[in-house]
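These notebook entries record what I looked up in one chain. I began with the overall contacts and then turned to individual strands, rings and loops.

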Amino acid sequence: MASTEGLVPITRAFLASYYDKHPFTPLSPDVSRLSSEIRSLSNDFLNQQPPTQGESILIKEADGQAPHKIDENMWKNREYIEETIFLLERYNWPEALKQQSTPDNVEFAVMIGKLKDKLHNMLKVLESFQNKNAEHVFNTVMTYLPQDFRGTLLRQQRERSERNRQAEVDTLVNSGGSIRDRYALLWKQQMDRRSQLAQLGSATGVYKTLVKYLVGVPEVLLDFTRQINDDDGPMEEQRHRYGPPLYSLTLMILSIRLFLSLAWARYGAMTLKKEQMAVVEEAVDVYTMEFERFLKFMSEVFANSPFFISAEVAGDLETRKNDDYKEISVPAGKAYEVLLSVDAVNSYIAWDFSLVQGTINMDIGFSLEFESPSGEKTPMLPYRRYESDQGNFCTLMAGSYKLIWDNTYSTFFRKVLRYKVDCIPPVIEPVQSDLSKNAEEKAF
């Protein structure tokens, strides 16, 4: 049993300092470009033939945002990969493509086989990543448990739970459940695992009995299991740093899956062109290459990130932590505004902002304007697009000033903005009394 003396669970401030040393090299710009191109090709199909009810559901999902949680995105990528592979299976091809009656159809058939193989390989890599990560977390937790029957009890309970979960999945599949149904169940099971950890940490419900037998479990371990999955807990820093590139990859594979679904449903009635399939082929290449790179990076980050740190380190980090910064997601096609009320001329409006690392198209429009009581707007700073900026502006008038971060030029991608703004009043020299002035004059 590893010692936990003087240790506390990792904090978000600690993870921030740890992740500072492990920046992720941004995704290739081809991810954004190809996602946009494929979506444009899908829109061409939809402009000529309206979507069915089932297609409308998929389109709505593609128009939305990727899930916030890192692990939910992993499950979603598995779901979309499997659904895409399903479409690429020969028995799901359009009849005209199955017959391979034209040279183009023969060429498409060869290309489809290659795409299916690449996605099969990607699926195996992703499954391996998830399995290894889950085993790593469980084994690390077990090193802090008493090495006797209590640890054995937890291992047996975990094995029994996993067998029951697998049986539940098998029953769903055997009853004709779809790929989507299966992954909805798998995600529910993942949330159940989280709930069990939280209950173990809080010792509530049926887990009171379990904890009763686990006398000797370090309190720090219970604290860890209780807080690790909080929406605003340490893992939020992980989502802050590494979520944006993963969100882009999630939406990319969904775009590929949507295109193929629309193309297959309209095959024959509408001509599928070589240029269109060439874009899909390039997109699958870029997606699998970039996603595998992301998983390799995350494996290294996870492997070296501790679960517990000393209380002294945690306290020092919290002392140095700057809570003045805020973080906001600016949706595609929208702008975000901050209104400041300035009471005196010659006040300074100061700002410091940047886009979270991994955000697609790493810039955002920024401008400053004055708004009169009648609603008339006067530009104070010209509009420019920045990756980040620090600056200030000396006010010429008292009143309302609006700082505007603009993402209206983006069609598909949101921007995650981290910012701090302040209004600094003018420094006013103290008024000296006549008595003080006379005293100073005599002194000289």
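**Entry 1. Contacts and overall make-up.** I first examined how far apart in sequence the contacting residues lie. Among contacts in the chain with a separation of 6 or more, 83% are between residues 24 or more positions apart. I note here that the model is predicted. I then looked up the secondary structure and found 14 helices and 10 strands in the chain. For burial, I recorded that 45% of the 444 residues count as buried.

**Entry 2. An open sheet.** I next asked in which order the strands of the open sheet run. The sheet has 4 strands in the order S3-S10-S5-S8, with antiparallel pairing. Its edge strands are S3 (326-330) and S8 (388-394), each of which pairs on one side only. From one strand to the next, the twist averages 25°. I then checked S5 against S10 and found an antiparallel pairing over 8 bridges. Within this part of the structure, I noted that Ile349 stands opposite Cys423 in S10.

**Entry 3. Aromatic pairs.** I looked up ring pairs and recorded 22 aromatic pairs in the structure. I took Tyr336 and Tyr419 as one of them: their ring centres are 5.7 Å apart and their planes lie at 55°, so the pair is classed as tilted. Tyr336 is in strand S4 and Tyr419 is in strand S10 (residues 415-424), so this pair ties together parts that are 83 residues apart in sequence. I also compared the accessibility of the two partners. Tyr336, at 22% relative accessibility, counts as partly exposed, whereas Tyr419, at 6%, counts as buried.

Phe353 and Tyr386 form an edge-to-face aromatic pair, with 6.0 Å from centre to centre and 90° between the planes. This pair links distant parts of the chain, since Phe353 lies in strand S5 and Tyr386 in strand S7 (residues 377-386), 33 residues apart. Phe353 has a relative accessibility of 1% and counts as buried. Tyr386 also counts as buried, at 15%.

I then asked which residues the ring pairs link into a cluster. The cluster consists of Tyr336, Trp351, Phe353, Phe366, Tyr386, Trp405 and Tyr419. Both pairs described above therefore have their members in this cluster, because Tyr336 pairs with Tyr419 and Phe353 pairs with Tyr386.

**Entry 4. A charge over a ring.** I looked up Arg385 and found that this residue lies over the face of Tyr409, at 3.7 Å from the ring centre.

**Entry 5. The loop between S4 and S5.** I finally inspected the loop between strand S4 (335-342) and strand S5 (348-355), which holds Asn346. Asn346 is not a glycine, yet it has a positive phi of about 70°. Is Asn346 buried or partly exposed? I recorded a relative accessible area of 43% for Asn346, so this residue is partly exposed.

Ser347 lies in the loop between S4 and S5 as well. With a relative accessible area of 2%, Ser347 is buried. I then asked which residues Ser347 is in contact with, leaving aside its neighbours within four places in sequence. They are Val342, Phe393, Cys394, Thr395, Cys423, Ile424, Pro425 and Pro426. One of these contacts, Cys423, is the residue that stands opposite Ile349.

Technical notes:
Residues numbered from 1 in each chain as written. Predicted model: local features only at pLDDT ≥ 70, side-chain atom pairs only at ≥ 80, totals over all residues. Heavy atoms only, no water. Helix = DSSP H or I, 4+ residues; strand = E, 2+ residues; numbered from the N terminus. Buried < 20%, exposed > 50% of the residue type's maximum accessible area, 1.4 Å probe, protein only. Contact = heavy atoms within 4.5 Å. Phe/Tyr/Trp six-rings, centres within 6.5 Å; stacked < 30°, edge-to-face > 60°. Lys NZ or Arg CZ within 6 Å of the ring centre and 35° of its normal. Pairing = 2+ DSSP bridges. Axes fitted to C-alpha atoms, helices over the stretch in contact; angles between N-to-C directions.
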